[in-house]
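Please examine the sequence and the three-dimensional model shown below.

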Amino acid sequence: MGSKLQNTQLGTSQLGYALGAEIEGLDISLNLGSQVYGAINHIWQEHHVVVFRGKHLKPRDIVSFAEGFGDLDDHASTPFYRHPDVPQLLQITNRLIDGKPSETRNTGRNWHSDYSYTGRPAAASLLYCDQCPPVGGDTMFANMVRAYESLSGTMKGIVDNLHAVYDVSLTAGINERDASKTAEVRRLNPPIAHPAVRVHPRSGKRALYVSERVSHFHGMTRAESKPLIDFLCSHATQPENVYRHNWREGDLVCWDNRTVMHVALADFDQNQPRHMLRATILGEDSGFVVRDE
Ligand code: OGA
Ligand code: MN
């Protein structure tokens with residue numbers, strides 16, 4: 001009864017069968033009370049991705065809204081890509097920066113969960129679309145709880161006992177970025193192993209935590225790991241398990257990085273501006289640094 005009431009109050013409509021829900025009619029630029037955050041969290045936990053449309057948010061509005069969900073990351077793991085005035089926001093943009101093509105114009109081009117290559121992988125991300133191309137520039141999201149639950153009992157038993165090694169060097173397009181900056185990003189983020197199954201701290205649900213940024217499983221060779229990584233990624237990203245978001249200006253899309261992975265598609269004309277701002281909710285400390293493996 002409680003949950004139905006909360007959903008009704010917030011006007012929710014499901015966007016995809018596997019994941020994704022839109023919350024309508026809520027002015028998120030206001031100071032919202034803990035009850036409203038509780039209701040959003042409830043919907044978010046059930047649908048993994050929540051979407052707000054038609055907003056006009058300034059950088060500070062995004063930060064204030066995001067703060068209601070937890071402590072924000074100051075993005076020190078990727079310091080070069082922060083908003084110049086608001087370190088709690090990352091800029092994902094193809095606008096020129098200092099007269100040069102932005103380094104973040106091809107962010108997120110392989111399946112990943114945010115900041116998985118850090119010791120404090122993101123709990124959640126909130127991405128605001130300030131400007132988008134008339135066609136394309138979509139983002140896809142895969143439900144990693146369903147991906148885990150639909151494995152056989154035997155395969156669950158295998159992944160339950162694995163640690164996946166995350167390597168920032170496997171971020172798509174990293175080699176096309178400024179070499180000295182990426183060297184610093186690599187230095188800040190050495191390869192790190194996290195459990196291949198992540199348990200959501202609130203719902204207790206188990207989610208597969210393996211993406212295209214995993215180099216291998218701890219204690220296994222790359223050759224041994226690759227077929228399993230490939231299988232798990234293709235299993236997780238089957239079309240039936242994916243929600244594809246077609247952006248409009250003023251959209252704020254929020255995803256749970258513990259239960260979802262995502263990819264940004266390059267299916268648009270790069271001469272058209274695409275300007276996005278991301279707030280990142282800190283997750284728990286996790287993992288151990290892996291050397292010489
Ligand atoms: C991100 C990301 C997706 C996009 O902000 O974490 O992967 O579509 N971006 O810009
Ligand atoms: Mn991302």
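## Asp230 and its helix

Asp230 belongs to helix H7 (residues 222-236); helices (H or I, at least four residues) and strands (E, at least two) are DSSP runs, numbered from the N terminus. Asp230 is partly exposed, its relative accessible area being 39%. In this report buried means under 20% relative accessible area, exposed over 50%, and partly exposed in between (1.4 Å probe, protein chains only).

The side chains of Asp230 and Lys226 are joined by a polar contact of 2.6 Å. A polar contact is a pair of N or O atoms within 3.5 Å; within protein, one must be able to donate a hydrogen and the other to accept it, and residues adjacent in sequence count only if both atoms are side-chain atoms. Asp230 and Glu212 are separated by 18 residues in sequence, and by 8.0 Å in space from C-alpha to C-alpha.

## Basis of the model

This is a predicted model, in which local features need pLDDT of at least 70 and side-chain atom pairs count only at pLDDT 80 or more, whereas totals for chains, interfaces and linings use all residues. Residues are numbered from 1 along each chain as its sequence is written, chains are lettered from A and ligands numbered from 1 in the order in which they are written, and side-chain values use heavy atoms, with hydrogens and water left out.

## The manganese site

Which protein atoms are the donors of the manganese ion (ligand 2)? They are NE2 of His112, OD of Asp114 and NE2 of His262, at 2.1 to 2.2 Å from the ion. Donors are N, O and S atoms within 2.8 Å of the metal (3.2 Å for Na, K and Ca); water is not among the atoms, so sites may look incomplete. Along the chain, the donors of this ion follow the spacing H-x1-D-x147-H.

## The site of ligand 1

A side-chain N or O atom of Thr139 is 2.6 Å from an oxygen atom of ligand 1. For His262, the corresponding distance to an oxygen atom of ligand 1 is 3.1 Å, and for a polar side-chain atom of Arg274 it is 2.7 Å. Ligand 1 exposes 290 Å² when taken alone, and the protein buries 99% of that area, as computed by the Shrake-Rupley method with a 1.4 Å probe; for residues, only the protein chains shown count as cover.

## Residues in loops and at a strand end

Asn257 is found in the loop between strand E15 (252-256) and E16. Asn257 is buried, at 0% relative accessibility, and its side chain forms a polar contact of 2.9 Å with that of Ser125.

Asp98 lies in the loop between strand E5 (96-97) and E6. Although Asp98 is not a glycine, it has a positive phi of about 50°; Asp98 is exposed, at 72% relative accessibility. Asp292, in the segment after strand E18 (288-289), is likewise a residue other than glycine with a positive phi, near 50°. Asp292 is exposed, with a relative accessible area of 82%.
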